[in-house]
Amino acid sequence: MRFLLLLAASALCLAQDPLLVKPYLQLGDNPADASRITIVFHTSAPGEFTVTGPGGKPVRAHGHKMGATSIPEHYVYTSELSALEPGAEFPYTVARAGET
């Protein structure tokens, strides 16, 4: 019985969303270029993340560890999408190890 409870608890932990802060958009390093945007998100653990935009080609997300006295250590990832139509909505997905 204890084994089943441990197994269920482990499965629940693995199924939890690794994202602490859902993806959000930033103008990036070049705000004058409206055809580029940076996707930013925060995770509880490091990982191999990609962002896929309108072109369908996955772009590697670059991450770094963040630490502060008021919040737990976590990771911040960024990925830039380019060749976007300025002012238009666009779809994108964030994947970890190939899974969205």
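This is a dialogue about reading one predicted model.

Trainee: Which element has the lowest mean pLDDT, and which the highest?

Mentor: pLDDT is the predictor's confidence in each residue, from 0 to 100. The lowest mean pLDDT, 40, belongs to helix α1 (residues 2-15), and the highest, 96, to β3. For the chain, the average pLDDT is 83, and 84% of the residues score at least 70.

Trainee: What is the strand order in the open sheet of 3 strands?

Mentor: Two strands pair if DSSP finds at least two bridges between them. Here the order is β4-β3-β7, with antiparallel pairing. The edge strands, β4 (58-60) and β7 (93-96), each pair on one side only. From one strand to the next the twist averages 30 degrees; axes are lines fitted to C-alpha atoms, for helices over the stretch in contact, and angles run from 0 to 180 degrees between N-to-C directions. Strand β3 (residues 49-52) is joined to β4 by 3 bridges, and the bridge partner of V51 in β4 is V59.

Trainee: How many bridges join β2 to strand β6?

Mentor: There are 7 bridges between β2 and β6 (residues 74-81), and the two run antiparallel. I37 stands opposite L81 in β6. Strand β1 (residues 19-26) also runs antiparallel to β2, joined by 5 bridges, and T38 in β2 is the bridge partner of Q26.

Trainee: Which residues of β2 point one way, and which the other way?

Mentor: In a regular strand the side chains alternate between the two faces of the sheet. In β2, I37, I39, F41 and T43 point one way, while T38, V40 and H42 point the other way. Buried means under 20% relative accessible area, exposed over 50%, and partly exposed in between, with a 1.4 Å probe and protein chains only. Strand β2 (residues 37-43) has 7 of its 7 residues buried, so it is largely enclosed by the rest of the structure.

Trainee: Which residues make up the largest nonpolar core?

Mentor: In soluble globular proteins, nonpolar side chains tend to be buried together. A nonpolar core is a set of buried Ala, Val, Leu, Ile, Met, Phe, Trp, Tyr and Cys residues joined through side-chain atoms within 4.5 Å. The largest one has 12 residues: L19, I37, I39, F41, F49, V51, A61, Y75, Y77, L81, L84 and V94. The elements giving two or more residues to this core are β2, β3 and β6. Leaving aside neighbours within four places in sequence, V94 is in contact with P23, F41, F49, T50, V51, E99 and T100.

Trainee: How many aromatic pairs are there?

Mentor: Rings of Phe, Tyr and Trp (its six-membered ring) pair if their centres lie within 6.5 Å; planes under 30 degrees apart count as stacked, over 60 as edge-to-face and the rest as tilted. The count comes to 4 aromatic pairs. F41 and F49 form an edge-to-face pair, 5.3 Å centre to centre with 65 degrees between the planes. F49 and Y77 form a tilted pair, at 4.8 Å and 55 degrees. This second pair links distant parts of the chain, with F49 in strand β3 and Y77 in strand β6, 28 residues apart. Both F49 and Y77 are buried, and F41 is buried as well. Ring pairs link F41, F49 and Y77 into a cluster.

Trainee: Where is E85 found, and is it buried or exposed?

Mentor: E85 is in the loop between β6 and β7, and is exposed, with a relative accessible area of 60%. C-alpha to C-alpha, E85 is 8.8 Å from R36, although 49 residues apart in sequence. A34 and E85 are 7.8 Å apart by C-alpha atoms and 51 residues apart in sequence. A34 lies in the loop between β1 and β2 and is partly exposed, at 47%.

Methods. Residues numbered from 1 in each chain as written. Predicted model: local features only at pLDDT ≥ 70, side-chain atom pairs only at ≥ 80, totals over all residues. Heavy atoms only, no water. Helix = DSSP H or I, 4+ residues; strand = E, 2+ residues; numbered from the N terminus. Contact = heavy atoms within 4.5 Å.
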